[in-house]
Number of protein chains: 2
Amino acid sequence: MNDADLKKLTLASAARRIRRKEISAVELTAAVLQRIARLNDRTRAFITVTADRALARAHAADRELLNGATAGPLHGVPLSLKDLYDTKGVRTTAGSKVFADRIPNEDGFVVQKIQDAGAVVPGKNNLHEFAYGVTTVNPHYGTARNPWNPDYLCGGSSGGSGVAVALSMGFGSLGSYTGGSIRIPASLCGVVGLKPTYGRCSLRGVVPLSWSLDHPGPMGQTVEDVALMLGVMAGYDAADPFCQDKPVPSYLDALTGSVKGLRIGLPRSYFFDGLAPEVDAALNAALKTYERLGADIVDIDLKTAGLQRGVWSQIASPEAYAYHEEYLSKQGDRYGADVRGRLEIGRLLLSIDYVRAQRVRTVMKEECRKVFESVDVIVTPSLPVTPPRIDQTTVQRGSVTEPTGVALTRCTRHFNVTGLPAISLTCGFTRDGLPIGMQIAGRAFDEAVVLRAAHAYEQDAKWFERRPEM
Amino acid sequence: MNDADLKKLTLASAARRIRRKEISAVELTAAVLQRIARLNDRTRAFITVTADRALARAHAADRELLNGATAGPLHGVPLSLKDLYDTKGVRTTAGSKVFADRIPNEDGFVVQKIQDAGAVVPGKNNLHEFAYGVTTVNPHYGTARNPWNPDYLCGGSSGGSGVAVALSMGFGSLGSYTGGSIRIPASLCGVVGLKPTYGRCSLRGVVPLSWSLDHPGPMGQTVEDVALMLGVMAGYDAADPFCQDKPVPSYLDALTGSVKGLRIGLPRSYFFDGLAPEVDAALNAALKTYERLGADIVDIDLKTAGLQRGVWSQIASPEAYAYHEEYLSKQGDRYGADVRGRLEIGRLLLSIDYVRAQRVRTVMKEECRKVFESVDVIVTPSLPVTPPRIDQTTVQRGSVTEPTGVALTRCTRHFNVTGLPAISLTCGFTRDGLPIGMQIAGRAFDEAVVLRAAHAYEQDAKWFERRPEM
């Protein structure tokens with residue numbers, strides 16, 4: 001299979017063609033591995049490539065189909081993992097030298113689930129160190145590069161996943177978020193990334209950053225791909241104390257193509273403050289599309305939105321420190337200076353800081369719950385700015401100059417703090433050819449309506465037809 | 001209705017007789033109010049008596065029945081509330097002078113539910129100040145007295161509720177727990193008290209102590225009474241961020257009388273360490289009863305049990321401080337010295353102390369989950385000691401002398417920390433005629449099996465037939 005053919009496939013179409021035996025899992029996996037071999041030096045999308053294992057699994061998948069086995073929903077399809085998902089017998093670095101030789105004895109719960117569904121894992125994607133790096137340059141495993149222009153950020157912490165998906169080095173990737181680490185790279189790389197509701201997917205066997213804010217989630221080229229992956233990942237795990245026992249609907253069935261009568265809430269203040277003109281224009285055009293498709297746009301107010309930054313930090317800092325405490329004391333010098341500095345903050349806060357933040361968090365959740373009595377989804381930009389360059393430590397947002405990380409997490413973190421499902425998908429491109437993302441959030445455990453809203457827009461706008469040249 | 005007749009009734013039998021129009025709600029309420037008037041000076045079970053309101057409601061209940069309305073499960077039955085349940089238009093002191101004039105605008109969620117089910121509220125029960133007092137003497141509203149002997153402790157924080165139920169000053173009471181505040185007074189007063197699973201009942205409109213450890217729960221004379229109340233109290237409240245949307249089974253149907261094949265786990269270490277000989281003997285006799293009834297007794301090990309004390313304090317202290325911060329700064333001198341001192345500790349802890357405690361908590365939960373794969377319930381003493389006298393600041397537990405509060409919470413707190421359902425019911429009396437309690441805990445959201453186990457024992461042992469003389 002040549003590169004052009006490979007790039008035409010999505011996760012869903014590849015899975016269909018394997019099921020129909022039009023292509024083999026081995027053929028597909030070999031083509032993906034070749035692409036990784038060719039592009040990884042330039043893009044640093046992968047920390048570890050598991051070529052032999054992937055090919056062996058692909059062979060097994062082909063054999064199973066020939067023997068008449070029922071194909072799982074991801075049967076034979078290459079799909080990578082952010083390198084903080086535990087993989088049995090394969091090192092899981094979490095992007096850090098501290099874990100450079102860490103080889104888990106067990107697969108993470110969702111890793112097990114996607115493999116049970118037939119997925120082939122070609123490798124482990126690059127990420128910010130422990131998903132907590134501040135500098136955009138990973139000091140340990142190289143800096144992942146934007147697939148549209150290597151001088152630009154691909155985002156973090158699931159940057160490698162975004163790059164891999166955008167460049168067809170696999171048909172999807174499991175990323176993870178604490179503050180926006182799927183939606184931010186999805187927006188910057190021009191792919192689709194979903195944060196499910198907190199508790200929707202098990203976190204067992206995912207290296208934690210801040211357990212009350214961490215979420216595993218799928219990234220893919222299309223909304224259909226992401227819906228397909230979520231259907232496999234979602235579900236109860238009694239051994240994860242935060243995972244909830246809720247029925248999992250068919251997310252593919254939710255993709256009806258219609259948003260007629262859908263009530264879209266627009267939180268103009270905060271989320272739309274000081275937007276880059278190109279982002280503003282792309283969002284406005286997308287909202288016009290929604291109106292044309294029959295949705296109702298309603299102005300809403302999320303008064304607590306501005307509190308996310310303080311709340312997030314006061315919760316994440318001590319939770320992260322608690323996990324790293326022992327490693328810091330024994331191997332502190334192996335951490336990047338940025339991550340070590342950030343972790344040390346967690347040692348200094350008082351418990352009332354944490355507890356106050358948790359209290360504000362419940363107020364933010366309650367405000368969202370009430371807002372969602374009158375709307376079905378909330379639409380915002382994924383990022384208030386256009387993609388920054390890799391060397392840019394600050395960005396201009398309207399009249400404000402702020403650290404790049406602060407601007408990038410501005411719109412996404414609210415939904416980590418509140419635990420609500422949110423997706424990012426492309427809604428346009430800058431004049432320089434870099435993608436612009438739109439965020440759509442929904443009610444707790446109502447990923448279906450988020451996917452439906454995203455899919456209807458995507459099928460109308462068809463931005464996914466535009467692919468990076470590499 | 002005379003006192004002897006009143007004392008023969010339980011919540012369930014009173015409700016049945018009202019439904020059958022054999023007695024009227026007014027007659028019953030008047031008799032209860034009379035008893036409160038006669039006994040409250042001596043026992044300090046009530047902070048506020050709402051005689052006029054109660055009689056008006058009882059009249060309305062009688063009229064509704066005469067007009068052919070369907071009776072709710074608690075129709076016309078007097079049932080009191082620990083004075084930290086918000087009651088619309090009736091002051092809710094939380095046992096503190098700080099809230100001496102606090103009159104809520106709304107009923108708490110479960111208060112609304114029991115009233116919708118027809119309950120008549122004769123008044124608000126005494127409690128430790130903000131459910132957090134250390135000294136057994138409430139400096140503001142008088143000290144509630146043990147119904148079996150006024151020189152002895154009735155427990156806290158729901159002490160007034162225990163006394164009211166034991167002495168038929170109402171047929172039940174809604175108490176609340178953070179560390180054992182229902183099971184401890186239930187044990188000391190010789191009544192039945194249930195802590196439901198965390199998230200089973202809404203905490204909206206209950207003055208918080210430590211929101212991640214707080215639980216509302218019913219107290220009654222019999223297991224049937226408690227099952228009846230729980231059926232009314234349980235259920236989802238979207239406005240309580242910690243309340244869970246789970247189906248509520250019929251708890252009355254769970255009372256089959258049979259424990260054949262029930263697997264009872266016995267955590268000998270920690271929970272049975274240094275028991276008072278009379279407690280030990282009562283527990284052993286109860287276990288023999290269970291064996292005779294066909295249950296299997298299995299030795300289990302809860303290795304993390306001893307961690308409860310540190311974990312509990314590190315979580316409760318900052319959560320309590322966060323709620324009281326503003327009141328402390330403005331009215332600090334109105335707090336009892338014991339409560340103020342205890343609250344101030346919460347200001348000093350670091351967030352990693354809190355976060356570490358939450359981490360240990362998940363380990364404790366996970367250990368319980370695994371233990372409950374091989375047993376259906378866990379049986380322990382409710383208290384390791386016999387009831388202490390009111391002036392006793394320390395107790396002897398085996399060879400150890402420890403503060404009374406530490407001994408009293410030793411066995412109960414584990415199930416606040418893990419959030420699992422647990423009941424206390426009488427399993428014997430000391431030579432001095434004071435009650436001894438047995439605790440039965442179960443899986444998350446499996447209150448039904450806890451109630452079934454408790455009920456089968458109760459109906460065989462019939463300790464409820466023994467009532468205090470007052």
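Visitor: What makes a residue of chain A count as buried, and how many are buried?
Guide: Buried means under 20% relative accessible area, exposed means over 50%, and partly exposed lies in between (1.4 Å probe, protein chains only). By that rule, 64% of the 470 residues in chain A are buried. This is a predicted model: local features need pLDDT of at least 70, side-chain atom pairs count only at pLDDT 80 or more, and totals for chains, interfaces and linings use all residues. Residues are numbered from 1 along each chain as its sequence is written, chains are lettered from A, and side-chain values use heavy atoms, without hydrogens or water.

Visitor: How many helices and strands does chain A have?
Guide: There are 16 helices and 13 strands. Both are DSSP runs, numbered from the N terminus: helices are H or I, at least four residues, and strands are E, at least two.

Visitor: Why is chain A called as compact as a globular protein of its length?
Guide: The globule rule is 2.2 Å times the number of residues to the power 0.38, and the radius of gyration is taken over C-alpha atoms. For 470 residues the rule gives 23 Å; chain A has 20 Å, which is close, so chain A is as compact as a globular protein of that length. Its C-alpha atoms fill a box of roughly 60 × 60 × 45 Å along the principal axes.
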